[in-house]
Structures are given as C-alpha cells and as structure tokens.
Amino acid sequence: MDYDYYHDDQDALRQLIRENTNLESPRLLPEILLHLAVEDLPLWRMGEMELQEIGLGTPFWAFAWAGGQALSRHLLDNPSLVAGKRVLDFGSGSGMVAMAATMAGAFEVTATDIDPVAAVAMQMNAEENNCYFDISTEDVVGEHGDWDVILVGDVCYDADIARAVIPWIKALAQEGREVLIGDPGRFYLPKLGLKKIAKYASETTSLMEDTDLRNAQVWSIDLDKIGCSSNAEDY
C-alpha cells in the first residue's frame, strides 16, 4: 500500500488503522472495544524515522496505556465523578478515557489529541462502541475552557510535555476544576501535589512498554500540598 497520502485521505487512514490493528477489549475494560496494535504487521515494525518518512508519528493511539486503563476503570466504577458534567480528555490517543466518561454519563465530553491519525482512530473506536463525543486536534494546553473535569492519562513520559501540562492542570485545579490523572508512575510524574485515590493492575504490551503488566494509579490534585515550583524534579 502507498502510505504517502494518509494525512490527506480519511478513507486511507481508516484502512491503515484496520489493517494494522485488531478490535479488542483492554484487560480492565471489557465494556470497551478498541483498535489495538498488531505486532506482526508492517506498520508496527517501522522505526520512528520510517514512520516520519510516510507522514506518520508514533502510533500512541493504538495502545491501551496502563494509566488510561486505570482512569477509565475508575470512571466506570465511580460514574458520579463525571455524570452530568463537561469533561475534557486531554491527550486522548485511542479515545478510551473519553468513551469511559461518556458511558459514565458525562453531559459533554471533548477528546483532544494533536495527532490527526489519533482523531480518526478515536472516531472509529467511538463508532464501534456506539459512543459519541467531540474530537479535536487543537493544542489546548494553557486554555481555560468550560470543563468541570479534566482527565489526563499517561502524559508524564516526556520531560517537555510534563513541564507544559502539569502547571496548566494544577492551575485548573486551583480554579475549582476536578483533575484526575492516570499514570503507572512514569519518571516525570510530579513528586509533589498529588493524592492517590485508586490503584489497578493494567495489562499493557512489551511492544511499547518495558513490561506486559503495570500497576497504575489514579491521582487527583492535592490542593493542600500543591507545589508552585518550576524545578524539573517536581515534574
């Protein structure tokens, strides 16, 4: 297949996703079907440079990341966290957390991811689950929308991303928004200002992780201990 036109052709993107994924439920989420990575197909054997050459980024959207699984399970088990509320799922990837929020009864859900391929994958996953939410490729970091709840899964894998996102979500929490973070203890998860509220064992994949099973936590912002430091070690 010629991959060059993917970013301009929605049908081609859908074909790419169908041909390189299986429709499966993550271990913690039997209620949700996702197009998840298939390791023995060509796309997943490509390195970062090869992906860039065909106009694609790393396919984060094709994995049920541990933090997102934990956060999604927590919402489904505790629907009052989002029921009737306006919800932002930041860095949504597959749309897994957005779907959980929708299933839990959120009034309005917006899933954001700057990768346009992720946006197509989200739409396909939503269709498979008869689940509807808004999808945006806008970079919303620094924005103060009308969200009641902000959901953040697995974003602390990179120092630059953490330095941009963590101060923003702390500011949102200080404004009275509920911020929930799903993370398996990645290196740039803040060491200050968080409160652990749940823990789950999440099955992942050694294709993108260093293990097939990770313990992931759900965190809220602890306003009593929130740090304002800009030191890298806090992020």
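This is a predicted model: local features need pLDDT of at least 70, side-chain atom pairs count only at pLDDT 80 or more; totals for chains, interfaces and linings use all residues.
Author: Residues are numbered from 1 along each chain as its sequence is written, while side-chain values use heavy atoms, with hydrogens and water left out.

Reader: How many aromatic pairs are there, and by what rule?

Author: The count is six aromatic pairs, where rings of Phe, Tyr and Trp (its six-membered ring) pair if their centres lie within 6.5 Å, and planes under 30 degrees apart count as stacked, over 60 as edge-to-face and the rest as tilted.

Reader: Why is the pair of Phe60 and Trp65 called tilted?

Author: The ring centres of Phe60 and Trp65 are 6.1 Å apart and their planes stand at 50°, so the pair falls into the tilted class. Phe63 and Trp65 also form a tilted pair, with 5.6 Å centre to centre and 50° between the planes.

Reader: What makes Trp65 buried?

Author: Buried means under 20% relative accessible area, exposed over 50% and partly exposed in between (1.4 Å probe, protein chains only); Trp65 has 17%, so Trp65 is buried.

Reader: Are Phe60 and Phe63 buried, partly exposed or exposed?

Author: Phe60 has a relative accessible area of 35% and is therefore partly exposed, whereas Phe63, with 5%, is buried. Phe60, Phe63, Trp65 and Tyr157 form one aromatic cluster, in a chain of 235 residues of which 52% count as buried.
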